[in-house]
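I opened this entry to record what I looked up in the structure, going from the overall layout to the helix contacts and then to the backbone.

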Amino acid sequence: MPKHAKSKARGHTAAASGPASGYRRTGVLFNKDFGQHILKNPLVVTGIIDKANIRSSDTVLEIGPGTGNLTIKLLEKAGKLIAYEVDSRLADELVKRVSKTMYKSKLHLVLGDAIKNPLPAFDVCVANMPYQISSPFVFKILKHRPLFRCAVLMFQREFALRLVAKPGEEHYCRLSVNAQLLSNIEHVMKVSKNNFRPPPKVESSVVRIVPHRPAPDVDLSEFDGLLRIAFERKNRTLAAAFKKKGVVALLLQNFKQLGGEPPEDFKQFIVDVLTESDYASKRPQQLAVADFLRLLKAFNDAGIHFRGSI
Ligand SMILES: C[S@@+](CC[C@H](N)C(=O)[O-])C[C@H]1O[C@@H](n2cnc3c(N)ncnc32)[C@H](O)[C@@H]1O
């Protein structure tokens with residue numbers, strides 16, 4: 001059994017081991033602060049694994065193996081499994097469980113936080129996610145290089161619906177656009193609360209994420225800066241959103257910092273870019289990823305850049 005990778009040499013921070021709270025199973029108290037909701041339905045486990053199409057040569061990344069219900073099945077399929085677990089008590093349980101199987105040499109368990117620590121190269125990622133790290137984790141893997149083949153992840157239902165939402169749909173938002181800029185995302189299945197122990201307060205869903213290849217050639221922080229302004233209020237037209245005092249001031253400051261000589265009526269200059277590109281009277285929910293890319297290019301061509309926050 002590979003040792004827990006605790007070493008500072010690999011840049012890993014110390015993992016938390018308590019305080020324990022909540023729900024007891026096999027001597028371990030589940031800690032709600034770490035989003036510990038164990039997947040107890042084997043049919044859901046099989047559904048997730050099938051969707052990941054794991055090959056015997058694959059390196060699989062799992063976040064939060066917990067007591068190992070998914071892990072054991074992943075080990076059967078993968079060439080190698082790298083699992084990050086933040087709670088040393090669950091890591092110990094997992095080591096005990098896996099050491100009784102023929103797959104123990106395939107497991108590389110990292111005791112540490114999946115957000116704070118660097119990730120290895122991997123082909124496929126599978127996880128019943130701790131929901132509190134959903135957003136940072138999705139963007140961490142989508143920006144990770146080399147690109148992976150696919151990720152099959154369980155999220156809170158609301159978050160999953162926002163990831164997959166298309167223009168005009170209720171859940172379409174900044175998260176949808178940022179995630180779909182970088183990947184294709186498909187809703188795989190709904191999973192109700194009673195499939196977990198202890199049951200979470202919210203419903204869950206599994207999604208499958210396939211990164212776009214090649215990755216789009218765009219400054220992600222500028223793209224997100226534009227979306228922050230556009231989506232600040234969903235029902236407002238883009239002209240109204242970009243005419244706000246704080247927005248005009250920020251864009252003017254960026255313009256000057258980049259050495260531009262600003263036109264006298266800078267607010268009108270911004271509105272002109274929106275009007276000329278035909279987006280002034282549109283609302284953010286109507287625009288697809290390609291529209292936002294086009295709008296960003298129109299702004300950038302006019303010397304307007306999105307840096308800093310309003
Ligand atoms: C929803 S449980 C999933 C447990 C197990 N995979 C299952 O499906 O039964 C989430 C797991 O993630 C772990 N966890 C929470 N935050 C984490 C983090 N930042 N990095 C790594 N693991 C984390 C928890 O300790 C827990 O084991």
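I began with the stretch of residues 44–213, where the chain is 33% helix and 28% strand and the end C-alpha atoms lie 29 Å apart. I kept in mind throughout that this is a predicted model. I looked up who takes part in the contact, and found nine residues from domain 1 and eleven residues from domain 2. On the side of domain 1 that touches domain 2, the classes are five nonpolar, three polar and one charged.

**Helix 1 and helix 2**

My next entry concerns a helix pair, and I noted for myself that two packed helices are described by the angle between their axes and the distance between the axes. At what angle do the axes of helix 1 and helix 2 cross? For helix 1 (residues 42–52) and helix 2 (residues 69–77) I read a crossing at roughly 40 degrees, with the axes coming within 10 Å. This makes helix 1 oblique to helix 2, and I recorded the crossing of helix 1 past helix 2 as right-handed. Helix 1 brings Val45, Ile48 and Ile49 to the contact, while helix 2 brings Asn69, Leu70, Lys73, Leu74 and Lys77. Sorted by class, the residues of this contact of helix 1 with helix 2 are five nonpolar, one polar and two charged.

**Helix 7 and helix 11**

I repeated the reading for helix 7 (residues 220–230) and helix 11 (residues 289–301), whose axes also come within 10 Å and cross at roughly 100 degrees. Helix 7 and helix 11 are therefore roughly perpendicular to each other. From helix 7 I listed Glu222, Phe223, Leu226 and Leu227, which meet Phe292, Leu295, Leu296 and Phe299 in helix 11. The contact of helix 7 with helix 11 has seven nonpolar residues, no polar ones and one charged residue.

**Backbone**

Before going through the backbone I reminded myself that most residues other than glycine have a negative phi, and that most peptide bonds are trans. Which bonds and residues depart from this here?

I found a cis peptide bond joining Arg197 and Pro198, with omega at about -15 degrees. Pro198 sits in the loop between strand 10 (196–197) and strand 11 (204–211). A further cis bond runs from Arg213 to Pro214, where omega is near -10 degrees, and Pro214 belongs to the loop between strand 11 and helix 7.

I located Asn53 in the loop between helix 1 and strand 4 (59–63).

How values were computed. Residues are numbered from 1 along each chain as its sequence is written. This is a predicted model: local features need pLDDT of at least 70, side-chain atom pairs count only at pLDDT 80 or more; totals for chains, interfaces and linings use all residues. Axes are lines fitted to C-alpha atoms, for helices over the stretch in contact, and angles run from 0 to 180 degrees between N-to-C directions. Helices (H or I, at least four residues) and strands (E, at least two) are DSSP runs, numbered from the N terminus. Angles under 35 degrees count as roughly parallel, over 145 as roughly antiparallel, 65 to 115 as roughly perpendicular and the rest as oblique. A crossing is left-handed if the near helix is turned anticlockwise from the far one by less than a right angle, and right-handed if clockwise. Two residues are in contact if their C-beta atoms, placed from the backbone, lie within 7 Å. Ala, Val, Leu, Ile, Met, Phe, Trp, Tyr, Cys and Pro count as nonpolar, Asp, Glu, Lys and Arg as charged, and the others, Gly among them, as polar.
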